[in-house]
Amino acid sequence: MDHTPFIAGAYGIGAVILLWTALSPLLRKKKITQDIRRLIELEERSGDAKT
Amino acid sequence: MTIEKTIDNPPRKNALVLFIHKLGSPAYFYTFAGRFIPWFWAIFLVLTAIGMYQAFFVVPADYQQGQSFRIMYLHVPAAWMSMLAYVIMAVLGFIALVWRIRVVEILAMSCAPVGAAFTAATLIAGSLWGRPTWGTYWVWDARLTSELVLLFLYLGVIGLHNAIDEPRKAARAACLLALVGAVNLPIIHYSVKWWNTLHQGSSISLLGGSSIDSSMLWPLLIMSIAVKFYFGANLLTRARVRLLEQDLRKSWVRDVVREGR
Amino acid sequence: MTGNAPAGSLSGAFLALVRRDLLLAFRRRTELLFPVIFLLVVISLFPLGIGPGPQLLARIAPGVIWIAALLATVISLDGLFRSDFEDGSLEQFVISGHPLTLIALAKILTHWLVAGLPIVLLSPLLAVWMNLPTETLGVMIATLLLGTPVLSLIGSIGVGLTISLKRGGQLLSLLVFPLYVPILIVATAAVMAVADGLPYTQFLGLLVAGLVTSLTLAPFAAAAALKISLS
């Protein structure tokens, strides 16, 4: 039996899992940073409007 | 006044205690952890490159098992990491419960998804290794069964943490669960190992009867160290993001985002 | 109420709580029967699903009976604290000044009397249905007698953690089943050892050890869990 597809499958799926685990917090960070930037803009704009 | 003086000029014997106290502050932890993350990733990549090269090109093929034994260099380090991650989570959980430090609560909870990922990778790699070795995609051997129970324990911690709305209460409840699981973990581990021998006469292991040559061990060692740096980098990254999310409206977060850190 | 000194002695409070909970449980007698009926239904599903062949049933009987016991226990666990949580009496217990550990222990005892003991008492019937070899019945009952309290004890920790959740019951089973694995393994091993004519007392010894350990540790963990849930 050719073992290559099993080795490829194991390492491939393992790599996908670990890649996803590594990247998902980075995606969250991007999203939250964008949200915070938007929040800062809103506050500065309303701060300017008040003064 | 006196507090600032102490922080700037700490008396030597209090420096370590002071440092640990500082780490409990979200802003300081964010910055401090951020310095380590790129280094951890770099070391992880270098070690993985060396380990994988050795695993595939240096180690000779095993006569009895064929090439599929090379899966071991993923399966075993991932298994070790999945168990170590749970221990780390339990220790952090204990500290979080006793001292009620928010940063430690967040660190403990960040261990869970990473540990679960390693457990899943272990199970899939083990299953695919088992197919050419045993003929079936799943074998109820001691390690795989233990890992499956470990996955359920992780899912329980993650599930409980997600189910409770208030973040600090959720973290404390999940930390207690992690501790209870940690106490049970050796019991589960041994009972499963023993269950395996009980029902099959002799303990079955994926590594089979062939003795392990020392040349086969080096990539294993390298990969198991590499994986720890992955864990460190991922853990710190997750903790930092969690802090940003929780402290959304605080000034230190605004400063961080403004400065692009 | 002045000060935090609890009214009444420790053992008095313990017994009062057990009596109160038993009274409450017996007032809703139909609810008491529910885990019993569940147990019977689950067991009868196995021959229906696998086929009535007596030898096959006999082989899987120890595992099936124990798994049914696990399921029945988990089903009834949620009720352990929930009604007290919902009407606020649980909070009253917490601030009463009596140690929460003892309160947890009292409730665990009630749960076992109401849910675990019926399993033990029903086991001869289940054994007959599953064609369990008669010489193993004694050990089967012993494992259930020693094991079901452990199920209540460990389960109470899960209940404490999930009590504040609306759908706590679902998460509860996920949390608690991995912790039940060792008991399942040891208990079924004991019964199967008797069936094979092998020594079995060491397994009973392990179950005793498990009972003693969980009796000393679980109430503390359950109390800690309740404190977190109520915070």
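In this predicted model, the contact between chains C and B takes 20 residues from chain C and 21 residues from chain B, where two residues are in contact if their C-beta atoms, placed from the backbone, lie within 7 Å. The model is a prediction in which local features need pLDDT of at least 70 and side-chain atom pairs count only at pLDDT 80 or more, while totals for chains, interfaces and linings use all residues. Residues are numbered from 1 along each chain as its sequence is written, and chains are lettered from A and ligands numbered from 1 in the order in which they are written.

**Where the chains touch**

- On the side of chain C that touches chain B, the elements giving two or more residues are α7 (137-162), α8 (168-195) and α9 (201-230) of chain C, helices being DSSP runs of H or I with at least four residues, numbered from the N terminus.
- The largest share of that side, eleven residues, comes from α8(C).
- By class, that side of chain C has 18 nonpolar, two polar and no charged residues; Ala, Val, Leu, Ile, Met, Phe, Trp, Tyr, Cys and Pro count as nonpolar, Asp, Glu, Lys and Arg as charged, and the others, Gly among them, as polar.
- Of the two pairs of chains that touch, chains A and B have the most contacts.
- Chain A and chain C are joined by no contact, and their closest C-alpha atoms lie 23 Å apart.

**Helix α3 of chain B**

- Helix α3 of chain B (residues 26-58) has 33 residues and should span 48 Å at 1.5 Å a residue, which agrees with the 46 Å between its end C-alpha atoms; the expected span is 1.5 Å times one less than the number of residues.
- The buried residues of α3(B) include F29(B), Y30(B), A33(B), F40(B) and F44(B), a residue being buried if 20 or more other C-beta atoms lie within 10 Å of its own.
- These buried residues of α3(B) pack against α2 (15-23), α4 (72-99), α5 (102-134), α8 (214-246) and α9 (251-259) of chain B.

**Helices α4 and α8 of chain B**

- The helices α4(B) and α8(B) pack at an angle of about 45 degrees, with their axes 9 Å apart, the axes being lines fitted to C-alpha atoms over the stretch in contact and the angles running from 0 to 180 degrees between N-to-C directions.
- The two helices α4(B) and α8(B) are therefore oblique to each other, because angles under 35 degrees count as roughly parallel, over 145 as roughly antiparallel, 65 to 115 as roughly perpendicular and the rest as oblique.
- Residues of the contact between α4(B) and α8(B) divide into twelve nonpolar, one polar and one charged.

How values were computed:
A residue is buried if 20 or more other C-beta atoms lie within 10 Å of its own, exposed if 12 or fewer, and partly exposed in between; C-beta atoms are placed from the backbone.
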